[in-house]
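Subject: Handing over a structure

Dear colleague,

I am passing a structure on to you with this email, and below it I set out what was found. Please keep the structure open while you read, so that you can look up each part as it is named.

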Amino acid sequence: MAAIDNPLEIAEVVEIVLRFLPGRCVSVAAQVCHLWCETVERIRRSRRKCAVYLSPVGSSFSEFSKEALDFIRQQQVEPRALILFSGQLPSSSASFVNNFLQSVRSCLPVNCPLIGCTGLGVIGSDERRRGQPREIENTAGLSLLMFPRCDGLEIRDFHIPLRNKYKRISGVKSFLPDMNLPVQLVIVLAHPLSLGKLTRLTMALRSKYGDDVVIVGGYSDSYLFYNTEVTTREIIGLVLAGNLQSSSVIITGGTKMESTDNLYDSIHRLDSSSVPKEDSFSLMFSCFSRGIMTYGYENAQSLAFNDTFPTNPLVGFFGTAAFGCDRENLKARGLKPGGRDFLHVDATVLCLTSLAL
């Protein structure tokens, strides 16, 4: 048998080398030759974990935007989509955010969706600092989640323009992407909508993707991010289809004691769901009142979440309203969600999703 002079023609050596590449370079490596392409596919099958980032408390947008870019560039996760949330920004900051989005876009593959929004605070965990998840309220901050490119996972974005916020939404389904695999989760970010518009949006999503699709999201009263655009009065989102499982619960209000009880009961319902804990992540869309104002101390929701899901990546933001339904509660009662089950102005929507095969 002839000796192989080039070590990069040996499958085992190629795999060792390619596993050290930043994720954004993996798709380029797959184009080198047939051997490298097969090796990349093996690597993709083994990487089903999301990457999450949360900015340090007290840092400025200028500081944490540079750190976030370094985080994205150095990640071994090959990005399939990226969602990011920013806390409060100074006025006249649209151009600065636009420059940041362009820098983020340059770190991602060409067809990788990028969406996000600003809120009244951010929620998240940071895998580099290995600390518990935190809630950064009423100040600058940034949290992001990078979805991995892996077998059987299809992610596409959508954008529904609403230049006149009083105009009737029509033809919503024409803006929603056609998917090749069964849709399991839709993430929606919107400038505040009326209940009627929200109901029509929910009906369009369920008509397009089926009644069992999990729909979650939040309202921003400031900027929405769609690729490199900074915009308002629109609806943007991600559609996730294929090999994933998802469910959602609602954490409701009340007195401080009632809110705390509801918090732990809701997390327990999610923990008892059929969604696997392996290769999972969670999204938290919280109304701005559901932090210190409700519980009387910082990080109440994220601490309770961490007690039950200590290794689960978490990302989210505080908005003016939350969007989603309590799938576990409705399932236990034998009910299907209606359009009016989705809008919440003093609650938190918590979603657990697993990419495990």
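A residue is called buried when its relative accessible area is under 20%, and exposed when that area is over 50%. With these cut-offs, 55% of the 357 residues of the protein chain count as buried. Please bear in mind throughout that this is a predicted model.

**The chain as a whole**

The protein chain holds 10 helices and 18 strands. Its radius of gyration is 20 Å, close to the 21 Å that the globule rule gives for 357 residues, so the chain is as compact as a globular protein of that length. Taken along the principal axes, the C-alpha atoms fill a box of roughly 75 × 45 × 45 Å. Among the contacts with a separation of 6 or more, 83% are between residues 24 or more positions apart. The chain exposes about 15300 Å², and carbon and sulfur atoms supply 51% of that area.

An open sheet of six strands, with mixed pairing, has the order β1-β6-β2-β3-β10-β11. At its edges stand β1 (51-54) and β11 (229-231), and each has a single partner strand, so one side of each is left without a neighbour in the sheet. From one strand to the next, the twist averages 15 degrees.

Strands of a sheet pair through backbone hydrogen bonds, and they do so either parallel or antiparallel. If you wish to trace the partners of β3, L82 has L114 as its bridge partner, while I115 is paired with Y226 in β10 and C117 stands opposite L224 in β10.

In a regular strand the side chains alternate between the two faces of the sheet. In β3, L114, G116 and T118 point one way and I115 and C117 the other way, yet all of them are buried. Helix α5 (residues 94-106) packs on this sheet and touches β2 (79-86), β3, β6 (142-148), β10 and β11; the direction of α5 makes about 140 degrees with that of β11.

**Another sheet, with β14 and β15**

A further open sheet of six strands, also with mixed pairing, has the order β5-β4-β15-β14-β18-β13. Its edge strands are β5 (134-137) and β13 (245-251), each of which pairs on one side only. Neighbouring strands here are turned by 15 degrees against each other on average, direction ignored.

Strand β15 (residues 314-319) is mostly covered, with six of its six residues buried. L314, G316 and F318 point one way from β15, and V315, F317 and G319 point the other way. Four bridges join β15 to β4 (residues 121-124) in an antiparallel run, with V122 and F317 as bridge partners. Six bridges join β14 to β15, and these two strands run parallel, with L283 standing opposite V315. On another pairing of β14, seven bridges link this strand to β18 (residues 348-354) in the antiparallel sense, and F281 stands opposite T353 in β18. Helix α9 (residues 300-308) packs on the sheet, touching β5, β13, β14, β15 and β18, and helix α7 (residues 256-271) lies across β13 and β18, running at about 165 degrees to β13.

**The nonpolar cores**

Which residues of the largest nonpolar core touch the most other members? This core has 38 residues, and the ones in question are F85, F147, I187, L189, V216 and F285. Strand β14 (residues 280-287) gives the most to this core, with four residues. Not counting residues up to four places away in sequence, F285 touches a list of residues that includes F85, I187, L189, V216, F317 and V349. Apart from this core lies another, of 27 residues, among them L176, V183, I215 and L330.

**A residue at the surface**

Is V32 buried or exposed? With a relative accessible area of 52%, V32 is exposed, because that value is over the 50% cut-off. V32 lies in the loop between α2 (23-29) and α3 (34-46). V32 and L54 are 22 residues apart along the chain, and their C-alpha atoms are separated by 35 Å.

With kind regards

Note on methods: Residues are numbered from 1 along each chain as its sequence is written. This is a predicted model: local features need pLDDT of at least 70, side-chain atom pairs count only at pLDDT 80 or more; totals for chains, interfaces and linings use all residues. Side-chain values use heavy atoms; hydrogens and water are left out. A nonpolar core is a set of buried Ala, Val, Leu, Ile, Met, Phe, Trp, Tyr and Cys residues joined through side-chain atoms within 4.5 Å. Buried means under 20% relative accessible area, exposed over 50%, partly exposed in between (1.4 Å probe, protein chains only). Contact means heavy atoms within 4.5 Å. Two strands pair if DSSP finds at least two bridges between them. Axes are lines fitted to C-alpha atoms, for helices over the stretch in contact, and angles run from 0 to 180 degrees between N-to-C directions. The radius of gyration is taken over C-alpha atoms; the globule rule is 2.2 Å times the number of residues to the power 0.38. Accessible areas come from the Shrake-Rupley method with a 1.4 Å probe; for residues, only the protein chains shown count as cover.
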